[in-house]
Amino acid sequence: MRQQLLYLWLAESALDAEAVAWALYDGAQGKGLALPKAKDPATPPYGSGLAALEDGWCLLQAPQPGAPVGPEGASLGELQFQFIFERRLP
């Protein structure tokens, strides 16, 4: 069994919020299911976490609630709303 992991960082804590960043770790080494093709390589493969669920990804981890962002915007550091999805392949 092989595993693919998809990290999506969303603009907010809701699964239907816009994806702003992503990373893929492919334990199938390209022999598993492919991600949807984007016109721009910098565009996330899914527009939201909900779209990933609808395409068969399983949610492994949702972000822990954090401190609210102040009026000046987020401070430097990690992106706040990280969701981790997986697909298992034979």
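Analyst: Helices (H or I, at least four residues) and strands (E, at least two) are taken as DSSP runs and numbered from the N terminus. The model is predicted, so local features need pLDDT of at least 70 and side-chain atom pairs count only at pLDDT 80 or more, while totals for chains, interfaces and linings use all residues. Numbering starts from 1 along each chain as its sequence is written, and side-chain values use heavy atoms, with hydrogens and water left out.

I84 lies in strand β4. Its relative accessible area is 9%, so I84 is buried; buried means under 20%, exposed over 50%, and partly exposed in between (1.4 Å probe, protein chains only). Residues I84 and L8 are 76 residues apart in sequence, yet their C-alpha atoms are 6.5 Å apart. Contact means heavy atoms within 4.5 Å. Not counting residues up to four places away in sequence, I84 touches L6, Y7, C58, L59, L60 and Q61.

A nonpolar core is a set of buried Ala, Val, Leu, Ile, Met, Phe, Trp, Tyr and Cys residues joined through side-chain atoms within 4.5 Å. The largest one has 11 residues, namely L6, L8, L10, A17, A19, L35, Y46, A52, W57, F83 and F85. Strands β1 (2-10) and β4 (81-89) each supply at least two residues of this core, and β1 gives the largest share, three residues. A second, separate core has six residues, including Y7, W9, A23 and I84.

Strand β1 also holds Q3. With a relative accessibility of 32%, Q3 counts as partly exposed. Its C-alpha atom is separated by 5.1 Å from that of G27, 24 residues apart along the chain. Apart from neighbours within four places in sequence, Q3 is in contact with Y25, D26, G27, A28, E86, R87 and R88. The side chains of Q3 and E86 are joined by a polar contact of 2.3 Å. A polar contact is a pair of N or O atoms within 3.5 Å; within protein, one must be able to donate a hydrogen and the other to accept it, and residues adjacent in sequence count only if both atoms are side-chain atoms.

Helix α1 (residues 49-54) contains L53, which is partly exposed at a relative accessible area of 31%.
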